[in-house]
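Here is a short report on a structural model.

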Amino acid sequence: MISRIDLRGRRPSRRELLLELPRAELDVEHATTTVAPILEAVRTRGADALRELAERFDGVRPAYVRVPAEVVAGAVGALDPQVRAALEETIRRVRAVHGAQRPQDFTVQVAPGAQVRQRWLPVRRVGLYVPGGLAVYPSSVVMNVVAAQEAGVTSLAVVSPPQKDNDGLPDPVVLATCALLGVDEVYAVGGAQAVAMLAYGAAGSEDVDGETLCEPVDVITGPGNVYVAAAKRLVRGVVGIDAEAGPTEIAILADGTADPVHVAADLISQAEHDPLAAAVLVTPSVELAGAVEAKLVDLTDATANRDRVGVALRGTQSAIVLVDDLDAGLDVVNAYGAEHLEIQTVDAAAWADRVTSAGAIFVGPWSPVSLGDYMAGSNHVLPTGGCAHFASGLGVHSFLRAVQVIEYDADALAAVADRVVALADAEGLPAHGEAVRARF
Ligand SMILES: NC(=O)c1ccc[n+]([C@@H]2O[C@H](COP(=O)([O-])OP(=O)(O)OC[C@H]3O[C@@H](n4cnc5c(N)ncnc54)[C@H](O)[C@@H]3O)[C@@H](O)[C@H]2O)c1
Ligand SMILES: N[C@H](CO)Cc1c[nH]c[nH+]1
Ligand SMILES: [Zn+2]
């Protein structure tokens with residue numbers, strides 16, 4: 001079912017690897033043509049367009065576009081106690097890790113009386129996307145909200161698609177998780193239309209035409225399908241966005257010591273997200289490759305989302321890549337830049353230290369990706385499609401800006417006045433120098 005790519009006997013360059021490695025055929029650029037009219041409809045027609053788009057894409061007309069605060073708060077009462085306990089532990093761990101992420105302000109005295117300070121400021125208001133198409137994601141509420149709260153953001157709006165089986169409200173556990181985190185601004189809006197509403201704001205409350213339904217935000221974060229990714233690409237510049245976090249990817253670098261059942265189970269765990277999800281095993285062990293192939297067949301047959309898993313594993317985005325040794329395997333995973341990379345080898349931590357590109361790295365046999373999805377304390381909103389080569393996963397930094405504050409006294413300015421004038425003249429901008437001279 002899963003294809004093989006055999007790189008044994010040769011050491012492809014990075015350029016060749018990028019051509020040969022499997023990758024989801026996800027055309028975000030093409031999807032922008034589908035979503036551009038959706039953005040325009042929401043920008044110009046607000047709540048009316050949101051209700052129509054929900055009917056068209058989610059199959060339900062939501063009773064409320066903005067979920068009433070009492071409905072959000074009331075969802076906690078209906079939570080299964082075990083799910084509530086699990087959510088509370090997740091929140092505790094994610095908060096502990098994200099609380100430690102806040103960068104320090106600093107002041108540098110560059111000369112006597114001359115100082116430059118750097119302050120980190122949270123953005124004013126954020127829009128947090130929580131997917132809800134093929135599956136629902138209360139855990140993504142935690143990842144988005146806790147990161148924003150730990151950055152110091154005070155105005156948070158959560159959006160998630162209306163669910164047919166919840167009267168057009170978002171998933172009940174999503175609502176309850178918002179309430180547990182103290183968020184009461186929640187919208188039953190999904191897909192590109194949610195991104196548009198957050199970026200441009202929207203008018204048209206439940207019963208008063210023209211009244212503001214949603215104020216625009218400064219930053220939009222969160223994972224989603226190709227339409228969500230395309231909409232985020234289109235509104236970048238109107239608002240800030242995080243890295244593209246599209247269909248899930250897992251790569252595993254494993255040697256002959258890895259347990260084939262663990263490797264196969266971990267590949268399947270991420271393949272169940274989406275028919276476009278990518279599962280890639282990189283190994284020098286032909287025995288492991290064969291055993292994993294066999295286990296993939298057995299475990300896929302037995303799993304609930306077998307149809308999605310089967311499509312994802314057979315797709316051109318998934319493969320078992322055979323290499324000569326772990327050094328060659330490291331070249332492969334570094335060129336691939338997976339959203340999630342597991343290292344299941346002897347001396348796993350040492351191999352992990354040599355990884356240069358991955359959204360998150362899971363080290364050794366006891367750190368599966370699904371631990372990170374829910375409970376590790378790390379963030380599960382991670383860059384996909386090779387974006388890990390230049391972008392980080394979601395974190396406190398996603399909601400912060402650095403502002404430099406410059407303060408010189410008279411002597412400190414006088415000490416460099418001639419130098420400023422020299423540079424201003426060299427650039428043909430003498431008024432810059434005159435602005436300094438005018439002070440003396
Ligand atoms: N990278 C990460 O950090 C991360 C984390 C969690 C989930 N994910 C990924 O997020 C994705 C979630 O996708 P999903 O579909 O389940 O939920 P989603 O909420 O992203 O998408 C559902 C929405 O898509 C829109 N839509 C559906 N078909 C459309 C069409 N033909 N035209 C325009 N809009 C359309 C609808 O408005 C619907 O509300 C999965 O691919 C999953 O792997 C990624
Ligand atoms: N694996 C997903 C990130 O790509 C996150 C997730 C949430 N729930 C389950 N999994
Ligand atoms: Zn997952």
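## Ile241 and its contacts

Leaving aside residues up to four places away in sequence, Ile241 touches Ile220, Thr221, Lys232 and Arg236. Contact means that two C-beta atoms, placed from the backbone, lie within 7 Å. Ile241 sits in strand S11 (residues 240-241). Val219 is 22 residues from Ile241 along the chain, yet their C-alpha atoms are separated by 5.6 Å.

Is Ile241 buried or exposed? Ile241 is buried, because 24 other C-beta atoms lie within 10 Å. The cut-offs: 20 or more other C-beta atoms within 10 Å of a residue's own is buried, 12 or fewer is exposed, and in between is partly exposed, with C-beta atoms placed from the backbone.

## Basis of the model

The model is predicted: local features need pLDDT of at least 70, side-chain atom pairs count only at pLDDT 80 or more, and totals for chains, interfaces and linings use all residues. Residues are numbered from 1 along each chain as its sequence is written, while chains are lettered from A and ligands numbered from 1 in the order in which they are written.

## Overall layout

The protein has 16 helices and 17 strands. These are DSSP runs, numbered from the N terminus: helices are H or I with at least four residues, strands E with at least two. The C-alpha atoms fill a box of roughly 80 × 60 × 40 Å along the principal axes. Of the 440 residues, 48% count as buried. Take contacts between residues at least 6 apart in sequence: 73% join residues at least 24 apart.

The protein is divided into domain 1 (3-26 + 247-377), domain 2 (28-241) and domain 3 (411-437). The bounds come from an automatic or database domain assignment. Domain 2 and domain 3 have C-alpha centres 47 Å apart.

## Helix H6

Eight of the nine residues of helix H6 (residues 172-180) are buried, so H6 is largely enclosed by the rest of the structure. Among them are Val173, Leu175, Thr177 and Cys178. The buried residues of H6 pack against several elements, including helix H4 (81-99), helix H5 (138-151) and strand S6 (155-159). Gly182 follows H6, with a positive phi near 80 degrees.

## Helix H10

Helix H10 (residues 286-302) has 17 residues. From first C-alpha to last, H10 reaches 25 Å, close to the 24 Å expected at 1.5 Å a residue. The expected span is 1.5 Å times one less than the number of residues.

Which residues of H10 are buried? They are Leu288, Ala289, Val292, Leu296 and Thr300. They cover an arc of only 90 degrees around the axis, so they lie on the same side of H10. The arc is that of the directions from the helix axis to the C-beta atoms. The face turned away from the buried side carries exposed residues, including Glu287, Asp298 and Asp301. The buried residues of H10 pack against elements including strand S12 (249-254) and helix H9 (260-271).

## Ligand shells

Of the 31 residues around ligand 1, Gly133, Gly190, Gly191, Pro223 and Gly224 come nearest. A shell residue has its C-beta atom, placed from the backbone, within 6 Å of the molecule. Helix H2 (28-57), helix H7 (191-200) and helix H8 (226-235) each supply at least two shell residues. Domain 1 and domain 2 both give residues, so ligand 1 lies between them.

Ligand 2 is surrounded by Tyr137, Ser139, Ser140, Thr248, Gln270, Glu339, Asp373 and His380. Ligand 2 also lies between domain 1 and domain 2, because both give residues to its shell.
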